[in-house]
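Trainee: Could you show me how to read the packing of a helix? I would like the general idea and then a real case.

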Amino acid sequence: MEAHLQDGRSVNAPVIADKDAFIRANTRLRAVPLTPEISLFVADEAVPLWHKTEEEIGEAGLPPPFWAFAWAGGQALARHILDNACLVRDKTVLDLASGSGLVGIAAMKAGAASVTVADIDTFACAAAALNAVQNGVTLTTCDDDLLAGEHPNRWDVILAGDIFYERDTAQRAFGFLHGHAARGATVLIGDPGRSYLPRDKLRRLADYSVPVTRDLEDAEIKQTAVWGLLQPT
């Protein structure tokens, strides 16, 4: 029987050694619609890039290339941070499920002391690092599954965009965020109305009309909110 890694890839499967080169070859550097002061390497369409990644690696069933797009929740959260820099200035920040690194980049531009962008997709970490360089900031990347259990690191602020899209992930994410909020972290969430957003445990802070691609969403403009997690009592 062929051995497999935890993410489902065969131990004999080829890997894309130069992720930066792959990202540059299959995306374009473009300004983010809601935060034009930030540019990202983004794909024109999701499916062709998805297929290209599977073709290069030689494996089917890989997760979608979430890192190659500026999602609505991330755009709203990034805009909110840039316009309210006091939320992160001189603070340690975690961008959870960071994808492209957009929110983490916004936090660094807003004056954060340091930012860790965390995503279990190593392509996302590579994309975030590449995007950070393009925007003149420095990030720390982390591909550990922070939702898997207790993590020793602590942050002053935790930012999470578009993470409540699937039941199990949403439950694990809320547990992680709630635990850190109980230890004093400020938690901010960007979300365009995903199915598993725990609205009853959040406080709505701001609303944004976010331009998005129809290849990913059901509309060209997504009404998106930034929420604060209520401090546990």
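**Reading helix H3**

Mentor: The buried residues of helix H3 pack against helix H4 (102-109), strand E6 (157-161), strand E7 (186-191), strand E8 (202-211) and strand E9 (221-229). Contact here means heavy atoms within 4.5 Å; helices (H or I, at least four residues) and strands (E, at least two) are DSSP runs, numbered from the N terminus. This is a predicted model, where local features need pLDDT of at least 70, side-chain atom pairs count only at pLDDT 80 or more, and totals for chains, interfaces and linings use all residues. Residues are numbered from 1 along each chain as its sequence is written, and side-chain values use heavy atoms, with hydrogens and water left out.

Trainee: How many residues of H3 are buried?

Mentor: Buried means under 20% relative accessible area, exposed over 50%, partly exposed in between (1.4 Å probe, protein chains only). In H3, 11 of the 12 residues are buried, including Gly73, Arg79 and His80.

Trainee: What span does H3 reach from its first C-alpha to its last?

Mentor: The expected span is 1.5 Å times one less than the number of residues. H3 (residues 72-83) reaches 17 Å, close to the 16 Å expected.

Trainee: Is Ala182 buried or exposed?

Mentor: Ala182 lies in helix H6 (residues 167-182) and is exposed, because its relative accessible area is 53%. Its C-alpha is 9.7 Å from that of Leu230, 48 residues apart along the chain.

Trainee: And what does the whole chain look like?

Mentor: There are six helices and nine strands, and buried residues make up 52% of the 233 residues.
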